[in-house]
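Work through the exercises below with the model open. Each task is followed by a solution in steps.

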Amino acid sequence: MKPITLDTITQAVINHGDGGKTHPRLYEIYTSLVKHLHAFVREVNLTEPELQQGRDFLNRVSRHTQFIPDGEMQVLTDLLGISELVLLLQDTIGKATESNLEGPLYIPNAPERQIGDRIGVDVEGEALFLSGRVLDVNGQAIANALIEVWQPNSQGLYDIFDPSQPAGNFRGQFHTDRDGNYRFETVVPSGYDVPADGPCGEVLRLLGRHTWRAAHIHFKLSATGYLPLTTQVFIEGAPQLDADTTFAVRTNILKLQKHESADAKAQHQPSHTAEFDFVLKPIEAAK
Ligand SMILES: [Fe+2]
């Protein structure tokens with residue numbers, strides 16, 4: 001029998017099984033994870049109390065609460081940049097629109113809207129007329145693509161957290177027309193702080209990290225023959241665009257064109273127009 005030592009323990013853990021005969025991919029992930037975790041413990045010379053703190057933290061992160069029914073595991077991977085890293089790796093294939101985090105606030109079956117509809121009520125908000133096309137990677141229009149959209153209002157509040165907003169406010173689903181066009185009216189959203197009352201928020205504060213999400217609009221697109229796309233589009237010039245707490249700001253930047261109100265005396269808000277095209281990958285790209 002070989003005694004377990006500092007030099008043998010990592011390999012002993014890796015060897016303790018069938019060497020990936022039954023589940024090779026799981027074994028590949030497991031082996032690498034064990035190597036990196038052991039290297040991390042060695043590098044920081046982790047103490048027993050620190051290990052216990054780590055266990056307590058992960059236990060709390062995975063706890064289900066009334067406000068976070070699934071626990072904070074997804075929040076944790078977002079805040080560590082792991083969720084975005086996985087998407088970055090996936091997006092190296094093809095020239096389609098980048099995918100991005102869905103976040104926890106998507107609700108299926110949003111109100112059905114017609115092209116040109118306004119998707120929410122917000123008297124304080126500055127109107128944004130957003131339009132564009134849904135295209136394939138060769139620039140051909142995709143007709144009848146489903147576009148689902150959701151966003152916070154001009155105060156950075158989603159309908160589900162704000163009793164003053166009607167249900168379904170700033171949510172909607174559309175279909176593109178025969179030329180792949182979509183068009184709707186909304187307001188320029190504000191960024192917001194992610195809820196930070198739980199264990200992840202606690203650690204962020206200890207690290208001096210803020211919890212701000214740069215202003216964005218969420219989209220989900222699907223069309224027959226194409227891979228579904230979940231993404232976010234960020235407002236150019238928004239605060240913390242270069243320091244989003246989930247590291248989600250990449251190349252999907254919405255450039256707004258501002259139009260001052262013709263009736264300045266009446267203090268009507270300025271409005272904005274913007275265009276953004278989405279490009280979907282064909283299903284074959286996943287094979
Ligand atoms: Fe969001």
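**Exercise 1.** Which residue in β7 is the bridge partner of glutamate 148?

*Solution.* The model is predicted, so local features need pLDDT of at least 70 and side-chain atom pairs count only at pLDDT 80 or more, while totals for chains, interfaces and linings use all residues. Residues are numbered from 1 along each chain as its sequence is written.
- Strands are DSSP runs of E with at least two residues, helices are runs of H or I with at least four, and both are numbered from the N terminus.
- Two strands pair if DSSP finds at least two bridges between them.
- β2 and β7 pair in the antiparallel sense, over five bridges.
- Within β7, the partner of glutamate 148 is lysine 220.
- β2 also pairs with β3, in the antiparallel sense and over five bridges.
- Opposite valine 149 stands glycine 172 of β3.

**Exercise 2.** Describe the largest nonpolar core and the contacts of alanine 223.

*Solution.*
- A residue is buried if 20 or more other C-beta atoms lie within 10 Å of its own, exposed if 12 or fewer, and partly exposed in between, with C-beta atoms placed from the backbone.
- A nonpolar core is a set of buried Ala, Val, Leu, Ile, Met, Phe, Trp, Tyr and Cys residues joined through C-beta atoms within 7 Å.
- The largest such core has 35 residues, and those with the most contacts inside it are Val134, Ile147, Leu221, Ala223, Phe234 and Leu280.
- Two or more residues come from each of β1 (127-136), β2 (146-150), β4 (181-187), β7 (216-222), β8 (229-235) and β12 (278-280).
- The most come from β8, which gives four residues.
- Residues are in contact if their C-beta atoms, placed from the backbone, lie within 7 Å.
- Neighbours within four places in sequence aside, alanine 223 is in contact with Val134, Ile142, Ala145, Leu146 and Leu280.

**Exercise 3.** Asparagine 45 has a positive phi, and phenylalanine 170 does too. Is asparagine 45 buried or exposed, and is phenylalanine 170 buried or exposed?

*Solution.*
- Most residues other than glycine have a negative phi.
- Asparagine 45 has phi near 50° and lies in the loop between α2 (24-44) and α3 (48-61).
- Asparagine 45 is exposed, because 7 other C-beta atoms lie within 10 Å.
- Phenylalanine 170 has phi of about 55° and lies in the loop between β2 and β3 (171-175).
- Phenylalanine 170 is buried, because 27 other C-beta atoms lie within 10 Å.

**Exercise 4.** Summarise the protein chain as a whole.

*Solution.*
- The secondary structure comes to six helices and 12 strands.
- Of the 287 residues, 26% count as buried.

Technical notes
Two residues are in contact if their C-beta atoms, placed from the backbone, lie within 7 Å.
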